[in-house]
Amino acid sequence: MPKSAPVPEELSGRRARLLTEARRIFAAKGFDKASTREIAAAAEANIALIAYYFGDKQGLYREVLVQPIADVMRGMPEADASLPLREWLQSFYAAFLRPLYDAESGLSDSTRIFCREMIAPSPAWPDICGEHIAPQHHALVAMLGQRCGAASIDAELHQLAFALIALAHDYWLSAQDMEGLLPGVVYGPGAYERTLNRLVTFGQALIEAEQALRQSR
């Protein structure tokens with residue numbers, strides 16, 4: 001007898017498996033050397049599902065790029081200057097750290113792909129930045145302007161936003177190196193709480209330093 005059609009939950013699981021295997025294979029081989037046939041085989045899925053969910057290999061790669069960014073953005077607090085600064089920073093950095101402590105996030109594979117994009121951006125990257133990163137960045141800059149009493153948005157506010165995000169990005173890129181230099185600093189007992197508290201403290205210091213610079217003008 002023929003098999004019954006997959007239920008929506010099965011399809012959703014297959015889509016997630018395709019993304020997991022695609023992320024792993026794209027990270028290992030790069031876009032050009034990875035094949036949809038290999039990805040489908042690794043995911044134990046029919047290759048036609050790639051066309052069904054993502055259109056083509058480029059669409060699958062784009063989704064692999066977008067997924068970790070979208071996951072972080074969903075955890076971000078609203079850029080609300082009325083919230084107490086430390087409380088806002090707590091949520092802000094928790095969103096960045098969550099994938100680092102989630103074994104299912106595939107962060108190391110995503111980071112390898114992002115590093116390739118930094119060196120040689122694919123055609124998809126500018127669109128992804130414009131659609132998923134730029135709106136959040138500009139909202140952050142606008143909020144920092146309010147907190148710093150800026151009359152208008154300037155380059156220094158953008159630099160402050162870059163610096164705040166760089167604190168968290170360094171853990172994405174360098175967690176294993178940090179562990180090699182000081183075992184337990186990232187993944188040891190209590191490491192998450194210590195790291196989050198430090199990032200919040202450093203972020204607060206950066207913002208307060210910018211406020212002080214502007215007040216001294």
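A crossing of two helices is called left-handed if the near helix is turned anticlockwise from the far one by less than a right angle, and right-handed if clockwise. The model shown is predicted, so that local features need pLDDT of at least 70 and side-chain atom pairs count only at pLDDT 80 or more, while totals for chains, interfaces and linings use all residues. Residues are numbered from 1 along each chain as its sequence is written, and side-chain values use heavy atoms, with hydrogens and water left out.

**Figure 1. Overall architecture of the protein chain.** The chain contains nine helices and zero strands, in the order α-α-α-α-α-α-α-α-α along the sequence. Helices (H or I, at least four residues) and strands (E, at least two) are DSSP runs, numbered from the N terminus. Along the principal axes, the C-alpha atoms fill a box of roughly 75 × 40 × 35 Å.

**Figure 2. Packing of helix α5 against helix α7.** Helix α5 (residues 85–97) and helix α7 (residues 124–147) have axes 13 Å apart and pack at an angle of about 160 degrees. This angle makes α5 roughly antiparallel to α7 (angles over 145 degrees count as roughly antiparallel). Axes are lines fitted to C-alpha atoms, for helices over the stretch in contact, and angles run from 0 to 180 degrees between N-to-C directions. The crossing of α5 past α7 is left-handed. Leu85, Trp88 and Phe92 of α5 meet Leu140, Met143 and Arg147 of α7, where contact means heavy atoms within 4.5 Å. Five of these contact residues are nonpolar, none is polar and one is charged. Ala, Val, Leu, Ile, Met, Phe, Trp, Tyr, Cys and Pro count as nonpolar, Asp, Glu, Lys and Arg as charged, and the others, Gly among them, as polar.

**Figure 3. Packing of helix α8 against helix α9.** The axes of helix α8 (residues 155–181) and helix α9 (residues 191–215) come within 11 Å and cross at roughly 165 degrees. Helix α8 is therefore roughly antiparallel to α9, and α8 passes α9 in a right-handed crossing. On the α8 side, the contact involves Glu156, Leu157, Leu160, Ala163, Leu164, Leu167 and Tyr171. Helix α9 contributes Thr195, Leu199, Phe202, Gly203, Leu206, Ile207, Glu210 and Arg214. The contact residues comprise 10 nonpolar, two polar and three charged.

**Figure 4. Burial and surface of the protein chain.** Of the 217 residues, 39% count as buried (under 20% relative accessible area, 1.4 Å probe, protein chains only). The accessible surface comes to about 12,200 Å², with 56% belonging to carbon and sulfur atoms (Shrake-Rupley method, 1.4 Å probe).

Technical notes: Angles under 35 degrees count as roughly parallel, over 145 as roughly antiparallel, 65 to 115 as roughly perpendicular and the rest as oblique. Buried means under 20% relative accessible area, exposed over 50%, partly exposed in between (1.4 Å probe, protein chains only).
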